[in-house]
Amino acid sequence: MNDLIQINSSGQAVASSRDIAWHFGKRTDHVLRDIDALKKDVPNFGGMFFEAELPDSYGRPQRAYFMNRDGFSLLAMGFTGKAALEWKVKYIEAFNAM
């Protein structure tokens with residue numbers, strides 16, 4: 001999971017929508033769709049998700065999001081599949097260890 005985390009220019013730990021798609025075995029456009037769906041229902045969306053552009057393999061700018069821990073947790077809690085279940089179990093274990 002640590003390979004998902006980057007430190008942005010403000011020193012905040014963030015993850016990109018592209019890396020999340022790769023890690024969870026999802027299509028990037030589906031992850032973007034899921035984030036866009038959160039936009040209308042999450043009052044503090046702008047505090048968790050930051051829209052950006054990342055170059056694709058040809059250098060063309062592609063829409064993406066960076067998100068902090070809260071945004072990542074909110075997004076990943078809605079995912080299904082083996083990778084999502086593994087992340088949820090680790091999240092619960094870490095929470096219980098506190």
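At 24% relative accessibility, Asp34 counts as partly exposed, a label for anything between buried (under 20% relative accessible area) and exposed (over 50%), using a 1.4 Å probe and protein chains only. The model you are looking at is predicted, so local features need pLDDT of at least 70 and side-chain atom pairs count only at pLDDT 80 or more, while totals for chains, interfaces and linings use all residues. Residues are numbered from 1 along each chain as its sequence is written, and side-chain values use heavy atoms, leaving out hydrogens and water.

Asp34 has a partner: Arg33 forms a salt bridge with Asp34, with the closest N and O atoms 3.3 Å apart. A salt bridge here is a side-chain nitrogen of Lys or Arg within 4 Å of a carboxyl oxygen of Asp or Glu. The structure holds seven of them.

Now look at Arg63, which is partly exposed at 34% relative accessibility. Glu51 forms a salt bridge with Arg63, the closest N and O atoms being 3.4 Å apart. Asp36 also pairs with Arg63, at 2.7 Å between the closest N and O atoms. Together, Asp36, Glu51 and Arg63 are linked in a network of salt bridges.

Beyond its neighbours within four places in sequence, Ile35 is in contact with residues including Phe49, Met67 and Leu75, where contact means heavy atoms within 4.5 Å.
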